[in-house]
Amino acid sequence: MTLKCITLGFVLAATAAITPAKADRLDDIMSAKTLRCATFADVPPFASPDPKTREMAGFDVDLCNAIAKQLGVAAEVKPVSVEARVPEVKLGRVDITVANLAYTQSRAEQIQFSDPYYLAKEMLIVPADDPGQAKADFAGQRIASTKGSTSEMSIKLNKSEPLTFQDTASAYLAVQQGKARGMVANTMTTTKFVNESQTKGKKMRMIQDPMLFQPIGVGMAKDQPALTAKINEALHALDESGELNKIWDKWLGPNTEYKMTRTDKVVPITELKFTPIP
């Protein structure tokens with residue numbers, strides 16, 4: 001054996017020692033009997049601390065538990081900030097992210113998305129006496145949103161100036177205080193704020209022209225085909241059984257302040273007609 005061959009052997013051995021094989025995340029979940037799930041830290045009705053129990057509660061929390069039940073394991077909910085939703089799952093600190101996570105091209109380059117379980121719109125709300133009627137009327141204007149969200153992205157795409165905060169309540173307050181001309185958030189959040197404004201604070205209204213249209217799915221680490229297939233299988237089962245609609249109705253349905261009806265079905269993202277955002 002030549003010195004060159006011996007040297008190459010040492011290099012390959014060393015490389016193998018410091019480059020561990022990518023583990024199958026699904027096997028780890030099943031072995032630990034726990035699904036680590038990232039949700040919002042405080043964005044109701046998706047996930048926020050219950051005022052009485054201080055336990056995390058909301059649509060995303062219930063969905064995490066339902067997915068875990070489909071897998072036959074327990075859910076471990078980890079509250080994270082809006083901007084940490086992708087990094088947490090990308091770095092392996094959680095197994096999945098269920099936090100109203102919209103599909104974007106940049107996110108899809110970093111993590112894997114499940115089949116979408118509903119289609120969301122980013123909507124702009126403004127004071128009732130604002131003369132603007134379409135999103136184009138707010139180009140160049142300061143608009144509030146949560147930091148690191150698709151709401152912020154939609155503001156930039158509209159050529160408006162984003163004023164960002166850690167939570168939607170702070171963004172809304174900025175509009176009430178006149179620090180921003182309007183605020184962008186998902187349909188249910190903006191609907192809630194508009195309804196509340198009719199009896200408290202400055203009255204608001206919604207601009208009917210959506211800022212963005214986007215599929216919402218579960219986020220996972222890339223190159224985990226077994227986990228991706230299992231999460232998709234769980235979502236389809238929850239949809240077909242009606243459990244997904246029950247969770248929706250509990251938090252967002254006709255008998256809630258949001259009064260929204262879910263008409264979407266869980267389908268592969270390739271079957272949807274939409275323009276992916278950057």
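Contact here means heavy atoms within 4.5 Å. The model is predicted. Its mean pLDDT is 90, and 92% of the residues reach 70 or more. Confidence is highest in helix H3, at a mean of 98, and lowest in helix H1 (residues 3-18), at a mean of 38. Over residues 1-21 the pLDDT is below 50. Beyond near neighbours in sequence, that stretch has one contact in the model. Where pLDDT is low, predicted coordinates should not be read in detail.

Glutamine 214 belongs to strand E11, which spans residues 204-220. Its relative accessibility is 2%, so glutamine 214 counts as buried. Residues within four places in sequence aside, glutamine 214 is in contact with Ala102, Tyr118, Leu119, Ala120, Glu122, Thr150 and Ile277. Two of these contacts are examined further. The side chains of glutamine 214 and glutamate 122 are joined by a polar contact of 2.6 Å. A polar contact of 3.2 Å links the side chain of glutamine 214 to that of threonine 150.

Threonine 150 leads on to helix H6 (residues 150-157). Thr150 is buried there, as are Ser151, Glu152, Ser154 and Ile155. Just after H6 comes lysine 159, with a positive phi of about 60 degrees.

Helix H7 covers residues 168-176. At its start, a side-chain oxygen of aspartate 167 reaches to within 3.2 Å of the backbone nitrogen of alanine 169. The buried residues of H7 are Thr168, Ala171, Tyr172, Ala174, Val175 and Gln176. Their cover includes the strands E7 (118-127), E8 (142-146), E9 (161-165) and E10 (182-186). Helix H8 (187-197) and strand E11 also contribute to this cover. Strand E11 is the element that holds glutamine 214. After H7 comes glycine 178, where phi is positive, near 80 degrees.

Two further helices pack against each other. Two packed helices are described by the angle between their axes and the distance between the axes. The axes of H3 (residues 59-71) and H9 (residues 225-241) come within 9 Å and cross at roughly 110 degrees. Angles of 65 to 115 degrees count as roughly perpendicular, so H3 is roughly perpendicular to H9. On the H3 side, the contact involves Leu63, Ala66, Ile67, Gln70 and Leu71. H9 meets them with Lys230, Ile231, Ala234, Leu235, Ala237 and Leu238. The residues of this contact divide into nine nonpolar, one polar and one charged.

Methods. Residues numbered from 1 in each chain as written. Heavy atoms only, no water. Axes fitted to C-alpha atoms, helices over the stretch in contact; angles between N-to-C directions. Helix = DSSP H or I, 4+ residues; strand = E, 2+ residues; numbered from the N terminus. Parallel < 35°, antiparallel > 145°, perpendicular 65-115°, else oblique. Nonpolar A, V, L, I, M, F, W, Y, C, P; charged D, E, K, R; others polar. Buried < 20%, exposed > 50% of the residue type's maximum accessible area, 1.4 Å probe, protein only. Polar contact = N/O pair within 3.5 Å; in protein donor to acceptor, adjacent residues only side chain to side chain. pLDDT = per-residue confidence, 0-100.
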